[in-house]
Amino acid sequence: MKRSFSLVILALFIGVLCSGADDVSKARDAAVAPAIKKEGVMTVQGSKKVVMIVAAKNFRDEELQKPQAIMTRAGVKVTLASSVVGAVQGVLGSTARAEILVKDVKVADYDAVLFVGGPGADEYWNSPVAHAIARKAVESGKVLGAICIAPVTLANAGVLDGKKATVWSSDGEKLKIKGAMYTARNLEVDGKIITADGPNSAEAFGNAVLKAIQTP
């Protein structure tokens, strides 16, 4: 009888301990969440995919690296596309590896399509393939972004007509003649079209894209 009573007391004591552990765990989780927010680390819900289109030579290093790092840390799968497969060269000397050719980009596979700038980005300004990708992204309701001189590609594709957009300052007129409302801002968001003016805006550009792909 005494043994049965002791077992009951022991079971109740363990239950109290477990309940206390649950409370500690909840408190710990609550403390971690604000810490993540405070550090500015944004994560995405569900599996998201982004393709970044870069020039084979002379893309702007930060305009690839900073948005790519922001999205990768958030759990986004980032694929690089170029006019060549393999090593591509940044204007400041960095290298990256393009996994697929631009002509093989299937817009339906991605949540966002981004055009990276830099001097070499003009290889896509008049590319029918790049224009088709940009138009398909808009038609499909995908996020479409471009930075530095790359918004000229979007303008020439006809997707900036009537849209607010920005670009590297020397190319503002190229957007205007294609019907864009050139704002000269560092970053411009018009619906699901995101444009930025250059490397100093690369981080803001990456964060804007990350936010956009989480918005239904």
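In this predicted model, helix H6 (residues 202–213) lies across E1, E7, E8, E11 and strand E12 (193–196), and its direction makes an angle of about 175 degrees with E8. H6 is twelve residues long and stretches 17 Å from its first C-alpha to its last, close to the 16 Å expected at 1.5 Å a residue.

Helix H2 (residues 61–73) has a set of strands of its own to cover. H2 lies across strand E1 (49–53), E3, strand E7 (112–115) and strand E8 (143–147), and runs at about 175 degrees to E1.

Now for the sheet itself. Seven strands make up an open sheet with mixed pairing, and their order is E6-E3-E1-E7-E8-E12-E11. Strand E6 (100–101) and strand E11 (187–190) sit at the edges with a single partner strand each, so one side of each has no neighbour in the sheet. At the E6 end, strand E3 (residues 77–82) pairs with E6 in the parallel sense, over two bridges.

What about the inside of the model? The largest nonpolar core holds 61 residues, and those with the most contacts inside it are Met52, Met71, Val113, Phe115, Leu154 and Leu160. Helix H6 gives the most to this core, with seven residues. Met52 shows what such a spot looks like: leaving out residues up to four places away in sequence, Met52 touches Glu63, Leu64, Pro67, Gln68, Met71, Val78, Thr79, Leu80, Ala81, Leu114 and Val116.

Ser82 deserves a look of its own. This serine lies in strand E3 and stands opposite Leu101 in E6. Is Ser82 buried or exposed? Its relative accessible area is 0%, and buried means under 20%, so Ser82 counts as buried. A polar atom of the Ser82 side chain lies 2.8 Å from the backbone oxygen of Val54. Apart from neighbours within four places in sequence, Ser82 is in contact with Val54, Ala55, Ala56, Val88, Ala98, Ile100, Leu101, Val102 and Tyr124.

Strand E2 (residues 57–59) and strand E4 (residues 86–90) pair in the parallel sense over two bridges, with Gly90 in E4 as the bridge partner of Phe59. E4 is also joined by four bridges to strand E5 (residues 95–98), this time antiparallel. Here Gln89 has Thr95 in E5 as its bridge partner. E4 and E5 form a hairpin with four residues between them, and Gly93 in the turn has a positive phi of about 110 degrees.

How far apart in space are Gly198 and Gly117? The two glycines are 81 residues apart in sequence, yet their C-alpha atoms are 7.5 Å apart. With neighbours within four places in sequence set aside, the contacts of Gly198 are Glu63, Ile147, Cys148 and Trp168.

How values were computed: Residues are numbered from 1 along each chain as its sequence is written. This is a predicted model: local features need pLDDT of at least 70, side-chain atom pairs count only at pLDDT 80 or more; totals for chains, interfaces and linings use all residues. Side-chain values use heavy atoms; hydrogens and water are left out. Two strands pair if DSSP finds at least two bridges between them. Contact means heavy atoms within 4.5 Å. Axes are lines fitted to C-alpha atoms, for helices over the stretch in contact, and angles run from 0 to 180 degrees between N-to-C directions. A nonpolar core is a set of buried Ala, Val, Leu, Ile, Met, Phe, Trp, Tyr and Cys residues joined through side-chain atoms within 4.5 Å. Buried means under 20% relative accessible area, exposed over 50%, partly exposed in between (1.4 Å probe, protein chains only). A polar contact is a pair of N or O atoms within 3.5 Å; within protein, one must be able to donate a hydrogen and the other to accept it, and residues adjacent in sequence count only if both atoms are side-chain atoms. The expected span of a helix is 1.5 Å times one less than its number of residues.
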